[in-house]
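Please look over the structure below before reading on.

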Amino acid sequence: MIPVLLLTGFLGSGKTTLLSHLLRQRDFSRTAIIINEFGEIGLDHELVEKSDDSVIALSTGCLCCKVRGDLVETLADLLRRRDAGAVPPFTRVVIETSGLADPAPILQTLMTDSTIAERLVLDGVVTTVDAVNGAATLAREAISVKQVAVADRLVVTKSDLADAAQPALHGRLAALNAGAPVLQAQHGAIDPQLLFNAGPYDPCTKSLDVRAWLGEGAHDHQHERHDAEIQTYAIVRTAPIHAVTLTLLLETLAEHCGADLLRLKGIVNIAESPDRPAVIHGVQHVFHAPTFLPRWPSADRRSRIVMITRGIPQAWIEALIDALEAEVAEVSEERH
Amino acid sequence: MSAAANDLTCELLKQSLIAWRLAGSVERKGDGAIEVSCSEIDIRIERAPSDLPFRWMVTLGRRQRGAISLPAVLRQVREALDPDYARNKVRVAISSLVPS
């Protein structure tokens with residue numbers, strides 16, 4: 001499986017500068033880059049200087065709307081050329097979205113397209129935020145809010161140009177996405193290792209780091225963050241949850257929340273599988289099938305589900321789990 | 001239905017109205033049924049008779065429908081109360097979250 005990193009961020013937030021820096025790093029070699037440029041005349045790919053063992057492909061059109069097929073075709077073509085030896089045997093893919101792209105449908109495409117899904121695994125979402133204009137952009141542009149909300153890593157760029165420590169920006173980022181580590185890049189410079197392995201699986205060590213993926217440092221101490229548009233909170237349950245309850249929960253969330261469920265990720269203590277927790281991940285109404293880990297990653301055996309939503313009350317989710325679990329338990333008792 | 005389960009169902013319906021941004025009320029009736037009222041629409045929710053293949057009966061006006069689970073109850077309630085509701089169907093990803 002080849003990990004795919006989605007690099008997103010609003011127009012002018014420093015994605016291409018970051019990418020240019022990364023491509024010069026040894027740790028970032030053997031990487032295939034797909035640059036999405038929205039418009040007839042693309043420039044970004046001209047600005048990226050690649051190493052000999054990396055490959056750059058260009059995808060035109062806005063990834064998030066009508067031409068998602070273009071992304072799939074580009075990825076499939078890259079894989080074909082890799083198999084044929086026509087391009088270096090890249091071990092990682094980075095998709096740089098256009099600044100106006102909604103990342104959620106792109107994530108869904110990576111999750112659901114049969115052409116590519118069997119060979120690619122989502123490594124995570126990295127979102128760049130401009131230290132100088134980021135706060136104003138977040139106040140003005142709804143799409144930039146969404147880009148921040150779904151991120152696994154946030155990279156504040158142009159810190160060298162900003163006057164102070166940008167407390168307002170950092171406060172907004174924490175409100176939008178408490179679980180994502182906030183990294184700093186100056187002139188695009190950042191340690192590539194900080195960006196890798198933003199998903200639950202580390203392809204280098206072939207190990208799982210679910211705790212980091214869930215951003216639990218943030219959620220341990222503050223279970224709910226409020227923003228005018230986006231709410232991030234963690235559902236924490238001590239008692240195990242029946243497998244059927246989890247299925248009904250995910251179906252109900254998909255059915256009623258749709259696009260307002262920006263992202264969900266979690267580890268769940270399943271009553272029928274006490275020693276092997278389930279890892280869940282969803283973007284809007286698209287969910288991965290739960291993956292059962294071989295063992296608990298730590299002594300903490302509580303179910304923890306991080307929800308990033310637009311206006312879905314935590315109290316509703318809690319009430320839904322309580323009621324579903326009671327109904328499932330009742331049915332189970334009736335059958336015995 | 002146990003009193004505890006009834007309480008949880010009531011609470012779920014109350015929280016559902018809030019989540020769906022619908023102004024209404026949820027009330028438990030003396031016979032154990034639950035009544036949801038919103039925009040002059042009254043919906044009665046009660047346990048189905050044991051000889052029917054449903055867990056719940058949902059009555060709206062003179063129409064009564066069965067529901068096999070709470071998610072099915074929620075769907076019927078929302079379809080009745082929320083004219084803008086467009087149901088999303090869950091889609092399961094093909095790709096792995098973690099390589100096998």
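The numbered points below take up the model itself, then a helix, then an interface.

1. This is a predicted model, in which local features need pLDDT of at least 70 and side-chain atom pairs count only at pLDDT 80 or more, while totals for chains, interfaces and linings use all residues. Residues are numbered from 1 along each chain as its sequence is written, and chains are lettered from A in the order in which they are written.

2. Helix α7 of chain A spans residues 167-176, and its buried residues are Leu169(A), Arg172(A), Leu173(A) and Leu176(A). Viewed down the axis of α7(A), these lie within an arc of 100 degrees, so they line one face of the helix. (Buried means 20 or more other C-beta atoms within 10 Å of the residue's own, exposed 12 or fewer, with C-beta atoms placed from the backbone; the arc is that of the directions from the helix axis to the C-beta atoms.)

3. The face of α7(A) turned away from the buried side carries the exposed residues Pro167(A) and Gly171(A). Among the elements of chain A that cover the buried residues are β5 (120-130), α5 (134-140) and β11 (231-237). Helices (H or I, at least four residues) and strands (E, at least two) are DSSP runs, numbered from the N terminus.

4. Between the chains, 29 residues of chain B are in contact with 40 residues of chain A (contact: C-beta atoms, placed from the backbone, within 7 Å). The largest share of chain B's side, 10 residues, comes from α1(B).

5. Strand β14 of chain A (residues 286-287) pairs with β6(B) in the parallel sense over two bridges (pairing requires at least two DSSP bridges between the strands). Within β6(B), Arg91(B) is the bridge partner of Val286(A).

Key: Two residues are in contact if their C-beta atoms, placed from the backbone, lie within 7 Å.
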